[in-house]
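Dear colleague,

Please find below the structure that I am handing over to you. My notes on what was found in it follow directly after.

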Amino acid sequence: MGAPPGLLDLQRLAGNSAVVGLLGVQRSVVGELGTSPAKDRLARALDDDHEAAAIAAFGQLDATETDAVLRSDRWRDLATGSFGNAEMHRAMMATGQRGLLWHKLIWEFDEGTNWSQLRELIVAAPMPQRSQVISEKGNWFRDQFVGEIGNHKMGEAVRNMGPPLRHQLDWMIEEGVDREEFEWLIEESSPAEIHDASKDLGLMVRLRVEVGQDSGVVTALESARKVEPTGTTPAGPRWTDADRAMLSAQAAKVGVIDARMVARVPGAVGALADADYTALRALLSGAGSDTERAFILKALASGHTLAEVSTFAGTIKGMTDAWLIQNLNVLQITSGADTGGGSGIIQQFGNSCGPTSVQVLRAEADPIYALSLNSAGPVGQASPTAVTNPASIPNTVTAGEQGAILTAHAAAKTGSAPVNRASPGGGAWVEADMNARKQATGVEYKRRDIDSDLSVDQALAILTINVGMGIDVPIIVGSKAGDFAHYVVVVRKDGNRYQIHDVWAGQTVWRTAADFRTGRLNLPSNHKAISALAEPRLVT
Amino acid sequence: MTSPDADDGHHDLRRADLLAVDVPALLAAGISESPGRIRGELQGTGQAAASVQLAASGLPLDMLGRMLTMVNRHTWQAAVADIDVIVEEPDKRGFPGASDIVRAGIAACHDGDDYELFARWLANVYGLAAIGASTALGGAG
């Protein structure tokens, strides 16, 4: 076998002594790096430019050897001298789950790479390793990705990389990706991630510049800063660590108190007169369980006087959690501990979907109000002829409020008067009625239409952020955008599924983001597409 | 013209009869007489007796309303499993008669259709109690 062409060139240009010197250096590289049989095989293969053997040798390193090799600049220099772009990627992939994504990316960027290779490397790595890369403080990786991949790929890259959301957003802003990429990312993010990102004020400013003032998504994100999704509240003179721990634990249960209402509790407690505060403490210490205490505090936070809260505390005293959750909600509470299977609140008239949604919003915030509706008979039943045969109404309190809202709209010529369920039609826009209850809910709503005001992706991002805080979001559904047929309320989110209470049937159903995007909601009321939403804004 | 509220003796007799009806036993005898049709005795005497007896026990109307709401929130099988929660409030607040009626009704159901009929029956009891409360006919005693 003759000498490699490179050596012949060296001999011709610099003489035998240069060749001997080089071979000595190469021998020393192999001798120095080949400290174990596997490393020795790798060093020799790289040194001999045997790419296939070198790639195979990478696959034969154990975890410790892989880590040591990937951390070494000398090994990397040896590899970049031997490998081309594609071979370097194959070598990194050959290490499997051994070694850090961090180092593998450095090796690939050092050699030269492309998005396809980067994606393959990222998705093969465990999530903590991806998080380590996207959280890198010096922005070296961010700048490498911005330089290497384009606008459309960056959204995919950060979603593959995973949270923290604040770094994902930072990378996307730096790249300047399209607005829907931000919306998709937020729609897929957890409440905790959204809250964490919302606290980075500099990021929020950059995001607002990037996606525009009219997005609605940034506004929602800025609200998310005010609500700790874990139900953590600040300590204060009247709000002890024990209070904080108790309420945070209750916030983790479905159907008791959500993050948005938890956030209002310390302020409500702090605003009490001294005598009322003393009385509240007596109520709390006399309560039979922490669940009772949480409902008492929720009632206070929804704006009730202490006298009203005291009466309420007496009614619920000593009742089990199951009883409390069933009687202090108007929806089916579906969770692992759920005991209900029937229907939640239902519209009592053919056109009272809006007023019923208003009732859902208030009842979700105000347990005294929810109890009052449940105390007046089944909220989940309705007469088909409530207008022509009022004696057939099963719950006159629920029907009375719904009818009053519609009657007021009819008088103001902003809607139609109640009609029988047997002949549905008409109705009213009820955002003003929602806002009239903002003392209880702590939220104001503004109607925004799909297509003319926002896209479905924006709507999903707004839903994700708000529902993650525990803020219910009424949406209007129909056959397609522009068909404003029916109010329903989005009340929970779990993964990529949204829980929707359809007030026509009183049923609470789960639908995916894809169902929204494709107009295949197929709700119990037979409506398929979102056509508008009532965008929430925290007011307290 | 005689007021419908006037006590002509006949009213007292009917009321005494209704107070003596064993409503849980009526329920235990079965909910439906044919598919979708509640037994006539339950529909007539049973409803009226339950309404009068619950009012006579002093059961607050809102407590009955809450129990009715919970019956409606549950499917038949869930109600069987969750019966203690459904009747928890009257049990704990000292109204065993209300608890007995609902327990008997749920136990008498053979399927979801029976349960629907029972829920409707209880709603009618609530309706009668509400009328009684608003006209002071259903007061205690």
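Strand E2 (residues 473-478) of chain A and strand E3 (residues 486-494) of chain A run antiparallel to each other and are joined over five bridges. Within this pair, A:Ile476 has A:Tyr487 of E3(A) as its bridge partner. Helix H24 (residues 353-365) of chain A packs on the sheet, where it touches E2, E3 and strand E4 (497-502) of chain A. The direction of helix H24 makes about 30 degrees with that of E3(A).

E4(A) also pairs with E5(A), again in the antiparallel sense, and here there are six bridges. A:Gln499 stands opposite A:Trp510 in E5(A). The hairpin of E4(A) and E5(A) has four residues between the strands, and A:Gly506 in this hairpin takes a positive phi near 75 degrees.

These pairs belong to an open sheet of six strands in chain A, with the order E1-E6-E2-E3-E4-E5 and antiparallel pairing. Strand E1 (443-449) and strand E5 (507-512) of chain A form the edges, each pairing on one side only. From one strand to the next, the twist averages 35 degrees. As a general point, strands of a sheet pair through backbone hydrogen bonds.

Turning to chain A as a whole, it contains 30 helices and six strands. The domain assignment gives domain 1 (134-225), domain 2 (241-318) and domain 3 (433-538). Between the C-alpha centres of domain 1 of chain A and domain 2 of chain A there are 37 Å. The C-alpha trace of chain A spans about 110 × 50 × 40 Å along its principal axes. Its radius of gyration is 31 Å, whereas a compact globule of 540 residues would have a value near 24 Å.

Two backbone details in chain A deserve a look. A:Pro163 and A:Pro164 are joined by a cis peptide bond, with omega about 15 degrees. A:Pro164 is found in the loop between helix H12 (151-161) and helix H13 (165-175) of chain A. The other detail is A:Asp451, a residue other than glycine whose phi is positive, near 80 degrees. A:Asp451 lies in the loop that runs between E1 and helix H29 (456-469) of chain A. For context, most residues other than glycine have a negative phi, and most peptide bonds are trans.

How many residues does each chain bring to the contact? Chain A gives 22 residues and chain B gives 18 residues. On the side of chain A that touches chain B, the largest share, four residues, comes from helix H23 (residues 321-327) of chain A. By class, that side of chain A has seven nonpolar and 15 polar residues, and no charged residues.

Finally, a word on confidence. The model scores ipTM 0.86 and pTM 0.86. Chain A has a mean pLDDT of 92, and 93% of its residues reach 70 or more. In chain A, the pLDDT is below 50 over residues 335-340, a stretch that has twelve contacts in the model beyond near neighbours in sequence. For chain B the mean pLDDT is 86, with 85% of its residues at 70 or more. Residues 1-11 of chain B have pLDDT below 50, and this stretch has one contact in the model beyond near neighbours in sequence. Residues 136-141 of chain B are also below 50, with twelve contacts beyond near neighbours in sequence. Where pLDDT is low, the predicted coordinates should not be read in detail.

With kind regards

Technical notes. Residues are numbered from 1 along each chain as its sequence is written. Chains are lettered from A and ligands numbered from 1 in the order in which they are written. This is a predicted model: local features need pLDDT of at least 70, side-chain atom pairs count only at pLDDT 80 or more; totals for chains, interfaces and linings use all residues. Two residues are in contact if their C-beta atoms, placed from the backbone, lie within 7 Å. Helices (H or I, at least four residues) and strands (E, at least two) are DSSP runs, numbered from the N terminus. Ala, Val, Leu, Ile, Met, Phe, Trp, Tyr, Cys and Pro count as nonpolar, Asp, Glu, Lys and Arg as charged, and the others, Gly among them, as polar. Two strands pair if DSSP finds at least two bridges between them. Axes are lines fitted to C-alpha atoms, for helices over the stretch in contact, and angles run from 0 to 180 degrees between N-to-C directions. pLDDT is the predictor's confidence in each residue, from 0 to 100. Domain bounds come from an automatic or database domain assignment. The radius of gyration is taken over C-alpha atoms; the globule rule is 2.2 Å times the number of residues to the power 0.38.
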